[in-house]
Amino acid sequence: EDILGAGIDIDKSALISKKALSLLSPNISVSGDYSRPKNTILFDSSAVIPGEKWTETVTVTQQLYNPRLLPAYRLGRHSMDASKENYMLTVRDVLFEVARVYYSVLKNEESTTVARDSIVLAQEELKRRQELKNTEHIAILIKEITALKKITEKNAEIAEKSSQAADRLGK
């Protein structure tokens, strides 16, 4: 849309130069006139009609020098050059905007991919931590069972020594 508008501006600027060149062309004016009297004169068997009047004028004029021609032509040329530069600038701006939007879309797609990968990695880390926590619980349970076994063995040992001591006392 912007490029089309800039192209139309070039065409408008070209018309300024052509309009300036039209100052060199001859001017032609044509005029004409026709008149007829309203009254007719009647005689016995014939009528007398006064003559009809025709007037035509054709005038052709050509200026030898028009002081507005060169400044108007230069204005048209400069305007057309400026319009062409504006057109090229508009094309560059549009291309830049297209490239900016394209790379913005690529960046957003990559950001989305990175975010998805981060979610997958976070879920894997959470699962690993939960497994590690479950493993730690099992290790703690194993330590507790081992401690209880030692305590039970010690209690059994103490009970045996007590029964041996009671047997010695009882003899």
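What percentage of the 171 residues in the protein chain do buried residues make up? Buried residues account for 7% of the 171 residues, where buried means under 20% relative accessible area, exposed means over 50%, and partly exposed covers the range in between (1.4 Å probe, protein chains only).

The model described here is predicted: local features need pLDDT of at least 70, side-chain atom pairs count only at pLDDT 80 or more, and totals for chains, interfaces and linings use all residues. Residues are numbered from 1 along each chain as its sequence is written, and side-chain values use heavy atoms, with hydrogens and water left out.

## Overall architecture

The secondary structure of the protein chain consists of 2 helices and 4 strands. Helices (H or I, at least four residues) and strands (E, at least two) are DSSP runs, numbered from the N terminus. Read from the N terminus, the order of the elements is α-β-β-β-β-α. Helix α1 comprises residues 2-21, and helix α2 comprises residues 69-170. Two of the strands are β1 (27-35) and β4 (53-61).

Accessible areas come from the Shrake-Rupley method with a 1.4 Å probe; for residues, only the protein chains shown count as cover. Among contacts (heavy atoms within 4.5 Å) between residues at least 6 apart in sequence, 76% join residues at least 24 apart.

Serine 17 is found in helix α1 and counts as buried because its relative accessibility is 6%. Leaving aside residues up to four places away in sequence, serine 17 touches Tyr73, Gly76 and Arg77.

Lysine 18 is also found in helix α1. With a relative accessible area of 56%, lysine 18 is exposed. The C-alpha atoms of lysine 18 and tyrosine 73 are separated by 7.8 Å, although the two residues are 55 residues apart along the chain.

On the surface, Ile28, Val30, Val58 and Val60 form a nonpolar patch with about 430 Å² of accessible area together. The elements that contribute two or more residues to this patch are β1 and β4. Patches are made of residues with over 30% relative accessible area and no salt bridge; like charges are joined within 9 Å, and nonpolar side chains (Val, Leu, Ile, Met, Phe, Trp, Tyr) within 5 Å. Valine 60 counts as exposed because its relative accessibility is 56%.

## The aromatic pair

The structure holds 1 aromatic pair. Rings of Phe, Tyr and Trp (its six-membered ring) pair if their centres lie within 6.5 Å; planes under 30 degrees apart count as stacked, over 60 as edge-to-face and the rest as tilted. The partners are tyrosine 102 and tyrosine 103, whose rings are 5.1 Å apart centre to centre with 75° between the planes, an edge-to-face arrangement. Tyrosine 102 is partly exposed, at 48% relative accessible area, whereas tyrosine 103 counts as exposed at 55%.

## Salt bridges

Side chains of opposite charge can pair when their charged atoms come close. A search of the whole structure finds 4 salt bridges, each defined as a side-chain nitrogen of Lys or Arg within 4 Å of a carboxyl oxygen of Asp or Glu.

| Arginine 128 | Glutamate 125 | 2.7 Å |

Arginine 128 and glutamate 125 are separated by about one helical turn because they are 3 residues apart in helix α2. Arginine 129 and glutamate 125, being 4 residues apart in helix α2, are likewise separated by about one helical turn. Glutamate 125 is partly exposed at 30% relative accessible area, and arginine 128 is partly exposed at 44%. Arginine 129 is exposed at 52%.

Lysine 161 and glutamate 157 also lie in helix α2, 4 residues apart, which is about one turn of the helix. Lysine 161 counts as exposed at 52% relative accessibility, while glutamate 157 is partly exposed at 40%. Through shared partners, salt bridges join Glu125, Arg128 and Arg129 into one network.
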